[in-house]
Amino acid sequence: MASETQSLGFIGGGQMAEALIKGILAADLYRAEQLMVAEPHGPRREELAERHGVTVHAEAGPLLAACPVLILAVKPQVVAAVLEHYSGQLGKDHLLISIAAGITLTFMEERLAPAPVRVIRVMPNTPALVLAAASALSPGRHAREEDLQLARRIFAAVGEAVVLEEKLLDAVTGLSGSGPAYVFTFLEALIDAGVKVGLSREVAEQLARQTILGSVRLALATPEKNPAALRAMVTSPGGTTIAGLHVLEKGGFRGLVMDAVEAATQRSVELGRG
Ligand SMILES: NC(=O)c1ccc[n+]([C@@H]2O[C@H](COP(=O)([O-])OP(=O)(O)OC[C@H]3O[C@@H](n4cnc5c(N)ncnc54)[C@H](OP(=O)(O)O)[C@@H]3O)[C@@H](O)[C@H]2O)c1
């Protein structure tokens, strides 16, 4: 028995929409019959209907009529056109949850005015594709507490979700939005390092991947220990790990990570202004 009773519509049936559909169905939040997707590509519509049993349409009109809650999952550059096209049909009874990167609440609310559409902006990240997203949610001026709770349940179905003021979403973009790319860069570097010290690429890849996965799982399984305590556990006096850590510290590893997050945050601020 699904916990939500109304229908949920997705405007845009791409990668992120599919990840959310998977998570929502796996969490039994909605039944497939309650999910509707508007997607312009016929083959993609068929794929979504076949894989998940959702109802598909070529455009969003039928969704607006049937779904009080809509997830806007189109690329950021088409958000303005979509909102302008449907603004007359969106009203106070709709909750619009946007995942379009960099599109502000004000931008959306202005295009929907004078209708007081309840809008929530979400910044998820790519691990949503494996139901392990880190998402931050910010409510618009007309959104109610229950809207936020519902959006939170939806994004908790594909990972972790936090509620923050919109002005912090640039920092979220710098940390968890861009974060997977930093981690992949670290993973790549670890693999190359393994090759440099004589391991085959295949073995280096296997060991490096599992090391990152295992370390994160260990951190999650032992919340009483902060990362410094976990690091100390594997750093014996005069041992191998401290020799490696010494090189990272000399190279300014932590400062570099902080600078990277700060630069990405700043870039998000600039793009938001642009
Ligand atoms: N992927 C991520 O990890 C990630 C992370 C954070 C945020 N986001 C945000 O999530 C949003 C979706 O990303 P995505 O990766 O899922 O993109 P995507 O795979 O390109 O999916 C968007 C889909 O919406 C369709 N579409 C375009 N105009 C439409 C309209 N008027 N009505 C209905 N559907 C329409 C697109 O068709 P066309 O191909 O014809 O345009 C496409 O199939 C983006 O705004 C992105 O910023 C994504």
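Trainee: Is aspartate 147 buried or exposed?
Mentor: Buried means under 20% relative accessible area, exposed over 50%, and partly exposed in between, using a 1.4 Å probe and protein chains only. At 4% relative accessibility, aspartate 147 therefore counts as buried.

Trainee: What is left out of the side-chain values?
Mentor: This is a predicted model, in which local features need pLDDT of at least 70, side-chain atom pairs count only at pLDDT 80 or more, and totals for chains, interfaces and linings use all residues. Residues are numbered from 1 along each chain as its sequence is written, and side-chain values use heavy atoms, leaving out hydrogens and water.

Trainee: Which residues is aspartate 147 in contact with, leaving aside its neighbours within four places in sequence?
Mentor: Aspartate 147 lies in helix α6 (residues 145-156). Helices (H or I, at least four residues) and strands (E, at least two) are DSSP runs numbered from the N terminus. Contact means heavy atoms within 4.5 Å. With those neighbours set aside, the partners of aspartate 147 are Leu95, Arg118 and Ile120.

Trainee: Is α7 roughly parallel or antiparallel to α8?
Mentor: Axes are lines fitted to C-alpha atoms, for helices over the stretch in contact, and angles run from 0 to 180 degrees between N-to-C directions. Helix α7 (residues 169-177) packs on helix α8 (residues 179-196) at about 25 degrees, with the axes 5 Å apart. Angles under 35 degrees count as roughly parallel, over 145 as roughly antiparallel, 65 to 115 as roughly perpendicular and the rest as oblique. So α7 is, relative to α8, roughly parallel.

Trainee: Which residues of α8 make the contact?
Mentor: On the α7 side, the contact is made by Gly174, Leu175, Ser176 and Gly177. On the α8 side, it is made by Gly179, Pro180 and Tyr182.

Trainee: Which peptide bond is cis?
Mentor: Most peptide bonds are trans. The bond in question has an omega of about 5 degrees, and its proline is found in the loop between α5 (105-112) and β6 (118-123). The cis bond joins alanine 113 and proline 114.

Trainee: What is phi of aspartate 28?
Mentor: Most residues other than glycine have a negative phi. Aspartate 28, in the loop between α1 and β2 (35-38), is partly exposed at 35% relative accessible area. Its phi is positive, near 60 degrees.

Trainee: Where is leucine 131 found?
Mentor: Leucine 131 also has a positive phi, about 60 degrees, although it is not a glycine. With a relative accessible area of 34%, leucine 131 is partly exposed. It is found in the loop between β6 and β7 (133-139).
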